Amino acid sequence: MRHIGLLLSLVLVGTFASGQEASNTESLCVRIMERISPRPAQGMEVFGKWMFNLEHGGGVNVYNLRTKKFVARFKLASAGEENHANCANFGIETAEGASFPLLYVSNGLTGCDSEWTCNVESIIRKGRTFTSVLSQKITLDISDWPEAGLTTIWGAPSWLIDRERRCLWIFSARKRTKYPYTKEKSENQYVATAFRIPALAEGKEVTLTAKDVVRQVLFPYDVWFTQSGCVEDGKIYYCFGVYKKKDNEYPPAIRVYDTDNASIVARLDLTDHLFCEPEALVVRKGSILLNGNGSSHKAYVYEVKLP
């Protein structure tokens with residue numbers, strides 16, 4: 001992944017590898033951008049100096065991350081009310097004529113017909129104008145998972161690309177991650193399932209089933225309300241929770257999962273430091289960029305520094 005020089009912020013006290021929680025009581029998050037988002041902010045991805053902030057419905061706002069200035073707005077080819085644009089990860093293949101690698105956009109809208117789909121978009125830039133073409137649609141079919149001995153998931157999967165290891169991860173849980181679906185931690189597990197990354201040459205529509213699974217990893221359940229995340233070299237970085245001033249039953253948090261040994265290697269509690277709903281995050285060397293959704297159409301980008 002490309003390193004982006006950003007302002008340093010979060011200092012974590014403790015050992016990252018041991019999975020200890022951050023104990024720094026000072027400002028854990030530095031807000032580096034505040035903007036007006038026409039619709040609720042959702043997924044986010046970065047390529048070079050370009051930051052793509054997605055909205056519910058498939059709108060995309062593009063910013064120059066170096067100058068923190070707005071550049072352009074466009075719609076995904078898959079835009080529509082059923083596209084929650086919950087998560088966005090760049091892949092490893094670039095379509096002919098595109099300016100960026102393929103962008104894998106998770107739907108993530110519970111209960112809709114396309115809940116189990118991933119829209120693969122090709123973004124084209126001409127100066128300050130950005131457009132997108134739907135290059136592929138990937139659908140997850142878990143109907144044959146039980147007979148294959150795989151742990152099934154409840155729905156709304158996040159599609160995450162590990163560019164270093166060239167694989168596609170599906171991240172979800174056995175049961176829905178809200179009360180009253182999961183009342184106790186022991187009732188649930190987070191489930192990460194790895195696949196190959198389908199090539200564009202495989203066709204416009206691809207369905208992944210149990211026969212396509214490369215491996216599956218189960219993680220302890222210790223945090224509620226999934227949002228979205230990304231993968232870097234076998235580690236899944238994921239944000240959870242919402243923000244409420246009082247009686248927050250879904251506190252904002254980040255977890256880092258190691259798919260090699262099925263363990264949680266970092267826990268970040270952002271309850272007293274993040275004053276918006278965390279929606280998505282992007283990892284770059286030494287830092288996390290976190291997309292936050294505030295009230296009155298305000299959206300924020302925070303920076304979190306890993307040790």
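Biologist: How many cavities of 30 Å³ or more does the structure hold?
Modeller: The structure, which is a predicted model, holds 3 cavities of 30 Å³ or more.

Biologist: What volume does the second largest cavity have?
Modeller: The volume of the second largest cavity comes to about 50 Å³, and 12 residues line this cavity, with Glu 45, Asn 89, Cys 230, Leu 281 and Val 282 lying nearest its centre.

Biologist: And which strand gives the most to that lining?
Modeller: Strand 19 does, with 4 residues, while strand 2 (41-47), strand 6 (87-90), strand 15 and strand 19 each supply at least two residues of the lining of the second largest cavity.

Biologist: How do the residues of that lining divide by class?
Modeller: The lining of the second largest cavity divides into 7 nonpolar, 2 polar and 3 charged residues.

Biologist: Switching to pockets, what is the volume of the largest pocket?
Modeller: The largest pocket has a volume of about 370 Å³, and its lining is made up of 20 residues, of which His 84, Asn 86, Gly 108, Phe 225 and Thr 226 lie nearest the centre of the pocket.

Biologist: Which strands each supply at least two residues there?
Modeller: For the largest pocket, strand 15 (226-232) and strand 19 (277-284) each supply at least two lining residues; strand 15 and strand 19 also each supply at least two residues of the lining of the second largest cavity.

Biologist: What's the make-up of the pocket lining by class?
Modeller: In the lining of the largest pocket there are 6 nonpolar, 10 polar and 4 charged residues.

Biologist: Stepping back, how many helices and strands are in the chain?
Modeller: The chain has 0 helices and 21 strands, and, of the contacts in the chain with a separation of 6 or more, 55% are accounted for by residues 24 or more positions apart.

Biologist: What share of the chain is buried?
Modeller: Of the 307 residues in the chain, 57% are buried, and the accessible surface of the chain comes to about 12800 Å², with 48% of that surface belonging to carbon and sulfur atoms.

Biologist: Now cysteines: how many disulfides does the structure hold?
Modeller: The structure holds 0 disulfides. Cys 239, for instance, is in no disulfide, and the nearest cysteine sulfur, that of Cys 87, is 8.6 Å away.

Biologist: Is Cys 239 buried or exposed?
Modeller: Cys 239 counts as buried because its relative accessibility is 0%, and Cys 276 likewise counts as buried, at 2% relative accessibility; the cut-off used here for a buried residue is under 20% relative accessible area.

Methods
Residues numbered from 1 in each chain as written. Predicted model: local features only at pLDDT ≥ 70, side-chain atom pairs only at ≥ 80, totals over all residues. Heavy atoms only, no water. 1 Å grid on protein atoms, 1.4 Å probe; cavity = no way out; pocket = protein on both sides within 12 Å on 5 of 7 lines; lining within 4 Å. Points joined across faces, edges and corners; volume = space filled by probe spheres on them. Nonpolar A, V, L, I, M, F, W, Y, C, P; charged D, E, K, R; others polar. Buried < 20%, exposed > 50% of the residue type's maximum accessible area, 1.4 Å probe, protein only. Contact = heavy atoms within 4.5 Å. Areas by Shrake-Rupley, 256 points an atom, 1.4 Å probe, with all protein chains shown as cover. Disulfide = S-S within 2.5 Å.
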